[in-house]
Amino acid sequence: MPKVEPSRKFAKAVLKMGPIARDRVRQAVGRFAADVHHPGLDFEKLKGSEFCTIRVTRGDRIVLRQSGPDAFELVDVGEHDTMHRRYG
């Protein structure tokens with residue numbers, strides 16, 4: 001299982017979300033920590049970038065980056081297109 005650490009930016013973004021969205025983020029992070037390649041997460045590397053994304057919902061993504069051989073930093077969370085523009 002990978003080590004998963006949230007950044008300050010990620011934590012702030014999660015706090016701005018409503019309770020249902022926060023719960024979905026927690027679920028996605030839990031699935032990722034248990035199985036990086038869980039099919040429902042749609043884990044993908046952003047082209048030309050150090051960042052990757054996982055799916056929270058159909059429209060929301062968590063941006064992360066690998067910070068070690070078995071460690072990831074949660075960088076940001078938000079709407080799919082916004083995250084891809086910002087980090088991709």
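This is a predicted model: local features need pLDDT of at least 70, side-chain atom pairs count only at pLDDT 80 or more; totals for chains, interfaces and linings use all residues.
I started with R65 and E50, whose side chains meet in a salt bridge at 3.6 Å, N to O (a salt bridge being a side-chain nitrogen of Lys or Arg within 4 Å of a carboxyl oxygen of Asp or Glu). R65 sits in strand 4 and E50 in the loop between strand 2 and strand 3, so this pair ties together parts 15 residues apart in sequence. For elements I used DSSP runs, numbered from the N terminus: helices are H or I with at least four residues, strands E with at least two.

Numbering runs from 1 along each chain as its sequence is written, and side-chain values use heavy atoms, with hydrogens and water left out.

D76 forms one with K9, the closest N and O atoms being 4.0 Å apart. D76 is in strand 5 and K9 in helix 1, so that pair ties together parts 67 residues apart in sequence. D76 also meets R86, at 3.0 Å, N to O; R86 belongs to helix 3 (residues 80-87). I noted K9, D76 and R86 as a network of salt bridges.

Next I looked up accessibility (buried is under 20% relative accessible area, exposed over 50%, partly exposed in between, with a 1.4 Å probe and protein chains only). D76 is buried at 3%, whereas K9 is partly exposed at 44% and R86 partly exposed at 47%.

**Helix 2**

Which residues of helix 2 are buried? I found V25, A28, V29, F32 and A33.

**Aromatics**

I searched the whole structure and got 4 aromatic pairs (ring centres of Phe, Tyr or Trp, its six-membered ring, within 6.5 Å; planes under 30 degrees apart are stacked, over 60 edge-to-face, the rest tilted). F32 and F72 are edge-to-face, 5.0 Å centre to centre with 80° between the planes. F32 lies in helix 2 and F72 in strand 5, so the pair ties together parts 40 residues apart in sequence. F43 and F72 are edge-to-face too, at 6.2 Å and 90°. I logged F32, F43 and F72 as one aromatic cluster. F32 is buried at 0%, F72 is buried at 6%, and F43 is partly exposed at 27%.
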